[in-house]
Amino acid sequence: ETSKILKEKLSLPSEPIGYRRLEKAADLDKIEGLTRWNRPCMFCQIPFMARIGGLTVGLTGEDPVGDRCQRIHGLALSNDETKLQEAKMLSRTWMPSVEEGLKQQADYPRIPPGGAVVVGPLKKNNFEPEVVLIYGNPAQLMMLMCGLQKVHYERFQFHFIGEGACVDSLGQCYTTWKPSL
């Protein structure tokens, strides 16, 4: 019902999706219609599968999702060594130096470690989401944010970390419980 209302009122091009971190990987077995993704991918491809393909996808730290993605989403632990590895990688692509890459790593709002995550269309109502992700154009998202302020005014603040955009949207929202773009 909520998904249908959001999609109609905002004229969204795709389904709103839910995200939930689970304490135990075994909890995935309780979700009806779940797909376990077993092909190499990056996490950002999983919401696309839910939004466009209609799949409810469950992931654990054993699945072939990028190492960096696993650490951002709590499927693998992050430590000084892994942060240095990521900073080195970033210094070859997005950052001018390892030191600047380490600054970015220090800013990452990482989702706390857990046993699994699940992402799927809200309309399926097959798990209780902790975060709802809505994809839309700037006008649609502005209307959604204005609607949130109509319920309770708050000046929203948004972040841009660069490469690793799911940190700014999903990670920031999950760790602060505030809207993110």
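This is a predicted model: local features need pLDDT of at least 70, side-chain atom pairs count only at pLDDT 80 or more; totals for chains, interfaces and linings use all residues.
1. Which strands pair with strand 4? One of them is strand 1, residues 17-22, which runs antiparallel to strand 4 and is joined to it by six bridges. To find this pairing in the view, look for Arg21, whose bridge partner in strand 4 is Val117.

2. Strand 3, residues 56-59, also pairs with strand 4, again in the antiparallel sense, over three bridges. Here a handy landmark is Gly58, with Val118 as its bridge partner in strand 4.

3. Now for the helices. Two packed helices are described by the angle between their axes and the distance between the axes. For helix 4 (residues 80-91) and helix 5 (residues 98-107), the angle is about 125° and the axes lie 8 Å apart. Helix 4 is therefore oblique to helix 5. The crossing of helix 4 past helix 5 is right-handed.

4. Which residues meet where these helices pack? From helix 4 come Lys83, Leu84, Glu86, Ala87, Lys88, Leu90 and Ser91, and from helix 5 come Val98, Gly101, Leu102, Gln104 and Gln105. Sorted by class, this contact of helix 4 with helix 5 holds five nonpolar, four polar and three charged residues.

Key:
Residues are numbered from 1 along each chain as its sequence is written. Side-chain values use heavy atoms; hydrogens and water are left out. Axes are lines fitted to C-alpha atoms, for helices over the stretch in contact, and angles run from 0 to 180 degrees between N-to-C directions. Helices (H or I, at least four residues) and strands (E, at least two) are DSSP runs, numbered from the N terminus. Angles under 35 degrees count as roughly parallel, over 145 as roughly antiparallel, 65 to 115 as roughly perpendicular and the rest as oblique. A crossing is left-handed if the near helix is turned anticlockwise from the far one by less than a right angle, and right-handed if clockwise. Contact means heavy atoms within 4.5 Å. Ala, Val, Leu, Ile, Met, Phe, Trp, Tyr, Cys and Pro count as nonpolar, Asp, Glu, Lys and Arg as charged, and the others, Gly among them, as polar. Two strands pair if DSSP finds at least two bridges between them.
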